[in-house]
Amino acid sequence: MLLVKVIDKDGACGWGEIWCNFPAYGAEHRARMVADTFADILTARTFTDAQEAFDVLTAITHILAIQSGEHGPIRQCIAGLDIALHDLAGKKAGLPLWQLLGGRRDNVPIYASGINPTQPELIATKALAAGYRNFKLKVGFGNDIDFANLKKLRTLIAPAGMLMADANQAWDIEQACANVARLQEFDLTWLEEPIAADRPAAEWMKLKQAASMPIAAGENIAGTDAFKSAIAADLFDVIQPDLAKWGGITKGLPVAKAIIAANRRYCPHFLGGGIGLVASAHLLAAAGGDGLLEVDINENPLRTCCVGNLLSANDGMAALSPDAGLGVEPDLAALKPYLVAAPSP
């Protein structure tokens, strides 16, 4: 987890999170990028709002991204800063972020993610006891393992619970088309990234036509135009942008609304610490629709030390704080044992 804090001239602050899952030293790399490049851009002028800051940061670093090939890290830094600036804006306005963004609800449906292939029924049982009703299993480990695990979970959660499968791009198109017929018996709410995200549109369309269940993807799409193209091509039934990988709140909200307007299901992807997760929840609440929030059900002190039980499940739902902004303040003292790099002065 890489947190970023912004402070305005009045001393008000906002918190954001920058995607840094890979490589292991990704956090240090992006932290240096923020301290050495983006901080100077942000402090060199006055911005009227977070969207203006997003646009300026993107414009100034556009050529740098091309020259360096660092498109991903640069987008991720901008996204994390954008989350922080929106948290700040909510605090200044005295409104929770979902309300500042025009949302009408303070809770969101959630599902338990990150369920691995080794004895998945054990973690799912704990999640059920904790109030989760919907589950997503990792597949792509061989058909014998995958189908046995899906059968266990479908039996465990009963027909009323949603069951999803995430192949994490594990199959080629032939394998995927062969597997979707067998997957039909599990009544999947969606099948996620069964093939590589960069495969041609023709392969995705072939898969969609072969599948009886909805097809999901989107965490590896970046850019407004790319999402417009994906929506127009009608490749996915469920679209899953990751606000920490690209777009933050500024670009994430219009993309989410475009997904919903096109009668697709918007379900934000997220895997990281607590700040990004709560920001994703606010974005989902603001966007509306019938989407669900992804919550990695595995133990994660970088989540619990940041947000505690804020997004705990209650019969499949999680409530957002009525406090301004994101409604959370990271407990830096509690996080200290996990610190791997001190912040730049």
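Reader: How many aromatic pairs does the count come to?

Author: The model is a predicted one. In it the count comes to 4 aromatic pairs. Rings pair if their centres lie within 6.5 Å, and planes under 30 degrees apart count as stacked. Take F147 and F186: their ring centres are 6.2 Å apart and their planes are at 15 degrees, so this pair is stacked.

Reader: Which parts does the pair of F147 and F186 tie together?

Author: F147 belongs to helix α6, while F186 is in the loop between α7 (173-183) and β6 (190-192), so the pair ties together parts that are 39 residues apart in sequence.

Reader: How are two packed helices described?

Author: By the angle between their axes and the distance between the axes. Here, helix α1 (residues 26-43) packs with helix α3 (residues 71-93) at an angle of about 65 degrees, and their axes are 10 Å apart. The crossing of α1 and α3 is right-handed.

Reader: Which residues in α1 and α3 meet?

Author: From α1 come H29, R30, M33, V34, F38 and L42; from α3 come P73, I74, Q76, C77, I78 and L81. Sorted by class, this contact of α1 with α3 has 9 nonpolar, 2 polar and 1 charged residues.

Reader: Now the strands. Do β3 and β4 run parallel or antiparallel, and how many bridges join them?

Author: Strand β3 (residues 107-115) and strand β4 (residues 135-138) run parallel, joined by 2 bridges. I115 has L137 in β4 as its bridge partner. Between the two strands the chain passes through helix α5 (residues 120-129), and this β-α-β crossover is right-handed.

Reader: Which strand do 4 bridges join to β4?

Author: That is strand β5 (residues 163-166), which runs parallel to β4. K136 has M164 in β5 as its bridge partner. Together, β4, helix α6 (residues 143-157) and β5 form a β-α-β unit, right-handed. As for side chains, in a regular strand they alternate between the two faces of the sheet.

Reader: What should I look at in the backbone around P23? Is the peptide bond from F22 to P23 cis or trans?

Author: The bond from F22 to P23 is cis, and its omega is near -5 degrees. P23 is placed in the loop between β2 (13-18) and α1.

Reader: Is the phi of N168 positive or negative?

Author: Positive, at about 50 degrees, although N168 is not a glycine. To find N168, go to the loop between β5 and α7.

Conventions:
Residues are numbered from 1 along each chain as its sequence is written. This is a predicted model: local features need pLDDT of at least 70, side-chain atom pairs count only at pLDDT 80 or more; totals for chains, interfaces and linings use all residues. Side-chain values use heavy atoms; hydrogens and water are left out. Axes are lines fitted to C-alpha atoms, for helices over the stretch in contact, and angles run from 0 to 180 degrees between N-to-C directions. A crossing is left-handed if the near helix is turned anticlockwise from the far one by less than a right angle, and right-handed if clockwise. Contact means heavy atoms within 4.5 Å. Ala, Val, Leu, Ile, Met, Phe, Trp, Tyr, Cys and Pro count as nonpolar, Asp, Glu, Lys and Arg as charged, and the others, Gly among them, as polar. Two strands pair if DSSP finds at least two bridges between them. A crossover is right-handed if, with the strands pointing away from the viewer, the path from the first strand over the helix to the second runs clockwise. Rings of Phe, Tyr and Trp (its six-membered ring) pair if their centres lie within 6.5 Å; planes under 30 degrees apart count as stacked, over 60 as edge-to-face and the rest as tilted.
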